[in-house]
Amino acid sequence: MTRRAQAEPDAQGKPTPGRRESLWPLAMGPLLWVAHFLLSYATAAVWCAKVGGENGSLGGVRLVIGIYTALILSGIAVVIWRGLRKHRFGTATVPHDFDTPADRHRFLGFATVLLGGLSFVATLYVALPVVFIESCR
Amino acid sequence: MDATYLSPRSWGWRALIALPLLGGCSGPQSTLQPAGVDAEQIARLFWWMSGFAILIWGVVIGCAVFVTYIKPRSHDSRVARWLILGGGVVVPPLVLGVLLAFGLSLLPSLSAPAEDGLQISVSGERWWRRVRYPTPSGGTVELANEVRLPVGERVGFRLTSPDVIHSFWIPSLGGKVDMIPGRTTRLSLEPTEVGVFRGACAEFCGTSHALMNFRVVVMEPDAFDTWLEQQASPARPPQGEVARRGQEAFLANGCGACHAIRGTSADGVLGPDLTHVGSRLSLAAGTLPTDAESFERWISHPDDIKPGVNMPAFDMLPAPQIHSIATYLSQLE
Ligand SMILES: [Cu+2]
């Protein structure tokens, strides 16, 4: 394998990230998406089984799922924003594939942004049914 | 690579050979020839989706042709980046979002019960369908393997299954809904055209899955009422000596343990109700016609016709007896 000729462009003066970084921020977007799905699903299922009945109205469940959605989407937005800050660390551009702590930092940030974007769209899709469907049927 | 692959002449032949496949686009179970309100919505969605898919395909292929043949030099990387981000990241979620929203907006009406209208219960069982209609007198009557509907009326279906997951799908009239053990799923349909259509099981359920179909007859409301009244009445008595012996043999050989013929002592519930089996358009869930000869074939070797069938073969009965049973059953109109 040939080594890259140019030196790694990097920020001067900023504290370099540690050698060990947590993977949790990376997983945070998809985890919030999962949480939103499970919460929405469980709320609707319990409501229809215990309160609404087979043909009943979803009633307040639609509002509750709307609130979940707003909360989770803002959570994902925070995740994306923090990922973006990591990705912007220093002056290097993609692909962040140098074997250095700084590039790993940027890479993790960029991946967090991408997964966060995916989770954002997916959460919207999960919420979409209650916009159109009003009953437990 | 063999150059003839690319020659327009060979493509012409291929197109010609593929042409008969288009015949599959019409017929008694085509979603592309809707005969119901719901199927029309689905067909409309299909055409819009196909149109846009062709459009996107054209744009993508157009871009490919543009950069390889028309301007095969380096392109502005900023334009390229916007194209990739726009076409690859922004547009797909938007397009999928619109399709999802449109599909979801159809759902409530597709499963809406016809509260005041006719409610039919259908149970998918390996490998046939138990069909229950409400009678004008307030009771229910059990039929099998055939669904008849009045034209222009919204009809509700309650679907279930005692064994494995089956499905209920009449492509000409509407969408597909699964029949799930332990649950009741719903569907509602509003046929707009009189005619005979075909329903199928579209959820693999075992060896005879492909032989689990049913006829759907959409009738004028008056004809429908007459039909239902007639189906709700007990079986007619056997006509003639052969049929009379057929009825005796039917009752003597234990057919009544699984089959009911209303008006006789046969009251089994494991298999399809046979009270008016002769009036059906097909035998054994869309597998055979309902002539006496097919009845004979079925009774002596149902397992030859439908592998894994839950009815024993009766080929040990003497041929004249099978013949008389077949005569009797084919008379039950
Ligand atoms: Cu089936």
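**A walk through chains B and A**

B:Pro272 lies in the loop between helix 5 and helix 6 of chain B. Helices here are DSSP runs of H or I with at least four residues, strands are runs of E with at least two, and both are numbered from the N terminus. The model is a predicted one, in which local features need pLDDT of at least 70 and side-chain atom pairs count only at pLDDT 80 or more, while totals for chains, interfaces and linings use all residues. Residues are numbered from 1 along each chain as its sequence is written, chains are lettered from A and ligands numbered from 1 in the order in which they are written, and side-chain values use heavy atoms, with hydrogens and water left out.

B:Pro272 counts as buried because its relative accessibility is 15%. The cut-offs are under 20% relative accessible area for buried and over 50% for exposed, with partly exposed in between, using a 1.4 Å probe and protein chains only. Leaving out residues up to four places away in sequence, B:Pro272 touches B:Trp128, B:Ala144, B:Asn145, B:His259, B:Ala260 and B:Arg280. A contact of this kind means heavy atoms within 4.5 Å. B:Pro272 and B:Arg129 are 143 residues apart along the chain, yet their C-alpha atoms are separated by 7.7 Å.

One residue in that list, B:Asn145, sits in the loop between strand 3 (140-144) and strand 4 (146-150) of chain B. B:Asn145 is classed as buried because its relative accessibility is 4%. Its phi is near 55°, a positive value in a residue other than glycine. B:Ala284 also has a phi near 55°. B:Ala284 lies in the loop between helix 5 and helix 6 (292-300) of chain B, and it is buried, with a relative accessible area of 13%. For background, most residues other than glycine have a negative phi, and most peptide bonds are trans. A cis peptide bond, with omega about 0°, joins B:Arg126 and B:Trp127. B:Trp127 is in the loop between strand 1 (119-125) and strand 2 (128-134) of chain B.

B:Pro162 is in the loop between strand 5 (155-160) and strand 6 (166-169) of chain B. B:Pro162 counts as exposed because its relative accessibility is 54%. Apart from neighbours within four places in sequence, B:Pro162 is in contact with B:Ser123, B:Gly124 and B:Glu125. The C-alpha atom of B:Pro162 is 5.3 Å from that of B:Pro181, 19 residues away along the chain.

Next comes the metal site. The copper ion is coordinated by B:His166 through ND1, B:Cys201 and B:Cys205 through SG, and B:Met212 through SD, at 2.1 to 2.5 Å. Donors are N, O and S atoms within 2.8 Å of the metal (3.2 Å for Na, K and Ca); water is not among the atoms, so sites may look incomplete. The arrangement is tetrahedral because the 4 donor atoms subtend angles of 92 to 123°; four donors count as tetrahedral if all angles lie between 85 and 135 degrees. Along the sequence, the donor residues follow the spacing H-x34-C-x3-C-x6-M. Two of them, B:Cys205 and B:Met212, are buried.

Helices in chain B also pack together. Helix 5 (residues 241-252) and helix 8 (residues 319-331) of chain B meet at an angle of about 100°, with their axes 7 Å apart. Axes are lines fitted to C-alpha atoms, for helices over the stretch in contact, and angles run from 0 to 180 degrees between N-to-C directions. Helix 5 and helix 8 of chain B are therefore roughly perpendicular to each other; the range for this is 65 to 115 degrees, while angles under 35 count as roughly parallel, over 145 as roughly antiparallel and the rest as oblique. By class, this contact of helix 5 with helix 8 of chain B has 7 nonpolar, 7 polar and 1 charged residues. Ala, Val, Leu, Ile, Met, Phe, Trp, Tyr, Cys and Pro count as nonpolar, Asp, Glu, Lys and Arg as charged, and the others, Gly among them, as polar.

Chain A has 4 helices and 0 strands, giving the pattern α-α-α-α along the sequence. Of its 137 residues, 31% are buried. The axes of helix 1 (residues 24-52) and helix 2 (residues 60-87) of chain A come within 9 Å and cross at roughly 175°. That makes helix 1 of chain A roughly antiparallel to helix 2 of chain A. The contact of helix 1 with helix 2 of chain A has 14 nonpolar, 6 polar and 1 charged residues.

How values were computed: Tetrahedral: all angles 85-135°; square planar, octahedral: opposite > 155°, others 65-115°.
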